[in-house]
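Thanks for coming. I will take a few minutes to walk through one structure, starting with a helix and ending with the pockets.

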Amino acid sequence: MSEECRKYFERVSEYLDGELTAETCLEIEAHLEECPPCKACVESLKKTIALCRRVPCESMPDDVRERLRKTLLDCIGRNEPAG
């Protein structure tokens, strides 16, 4: 993942939650239109969020939580633990 991609992915959660300025959203959207891998990742994240909102809130097994965290970190090109 390029530095430009990382710059936008650091803000993707705020973007999806509608917490960014219109100008920043336009920048991210322009990047997504030019970067198919980032666009695919954001679309996948949107679908995941939608699924999570439909499922009753239950405790996630530790092994599933760890696999999900690793997959998300791999998606954004980070290998270090989230903290």
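This is a predicted model: local features need pLDDT of at least 70, side-chain atom pairs count only at pLDDT 80 or more; totals for chains, interfaces and linings use all residues.

The buried residues in α4 include Cys38, Cys41 and Val42. Those three cover an arc of only 95° around the axis, so they sit on the same side of α4. What lies over the buried residues of α4? The cover includes α1 (3–9), α2 (12–16), α3 (22–34) and α5 (62–75).

Histidine 31 is placed in helix α3. Is histidine 31 buried or exposed? Its relative accessible area is 7%, and because buried means under 20%, histidine 31 counts as buried. If we leave aside neighbours within four places in sequence, histidine 31 is in contact with Glu4, Cys5, Tyr8 and Cys38.

Next, the start of the chain. Methionine 1 belongs to the segment before α1. With a relative accessible area of 39%, methionine 1 is partly exposed. Not counting residues up to four places away in sequence, methionine 1 touches Arg6, Phe9, Cys75 and Ile76. Methionine 1 and proline 37 are 36 residues apart along the chain, and their C-alpha atoms are separated by 9.0 Å.

Now set that beside another pair. Lysine 70 and glutamate 34 are also 36 residues apart in sequence, yet 26 Å apart in space, C-alpha to C-alpha. Lysine 70 lies in helix α5 and is partly exposed, with a relative accessible area of 48%.

On to α5 itself. How far should the 14 residues of α5 span at 1.5 Å a residue? The answer is 20 Å, and the end C-alpha atoms of α5 are 20 Å apart, which agrees. Just after α5, glycine 77 takes a positive phi of about 80°.

Rolling a probe the size of a water molecule over the atoms shows where empty space is left.

The largest pocket has a volume of about 290 Å³. Its lining is made of 14 residues, and Leu45, Leu72, Leu73, Cys75 and Ile76 lie nearest its centre. Which element gives the largest share of the lining of the largest pocket? It is α5, with six residues. By class, the lining of the largest pocket holds nine nonpolar, three polar and two charged residues.

Which residues line the second largest pocket? They are Cys52, Val55, Pro56, Cys57, Glu58, Ser59 and Met60. Sorted by class, that lining has five nonpolar residues, one polar and one charged.

That is the end of my list. I can go back to any of these residues on the screen.

Definitions and conventions:
Residues are numbered from 1 along each chain as its sequence is written. Side-chain values use heavy atoms; hydrogens and water are left out. Buried means under 20% relative accessible area, exposed over 50%, partly exposed in between (1.4 Å probe, protein chains only). Helices (H or I, at least four residues) and strands (E, at least two) are DSSP runs, numbered from the N terminus. The arc is that of the directions from the helix axis to the C-beta atoms. Contact means heavy atoms within 4.5 Å. On a 1 Å grid over the protein atoms alone, a cavity is a set of points where a 1.4 Å probe fits but cannot get out, and a pocket is an open set with protein on both sides within 12 Å along at least five of seven lines; lining residues have an atom within 4 Å of a point. Grid points are joined across faces, edges and corners, and a volume is the space filled by probe spheres set on the points. Ala, Val, Leu, Ile, Met, Phe, Trp, Tyr, Cys and Pro count as nonpolar, Asp, Glu, Lys and Arg as charged, and the others, Gly among them, as polar. The expected span of a helix is 1.5 Å times one less than its number of residues.
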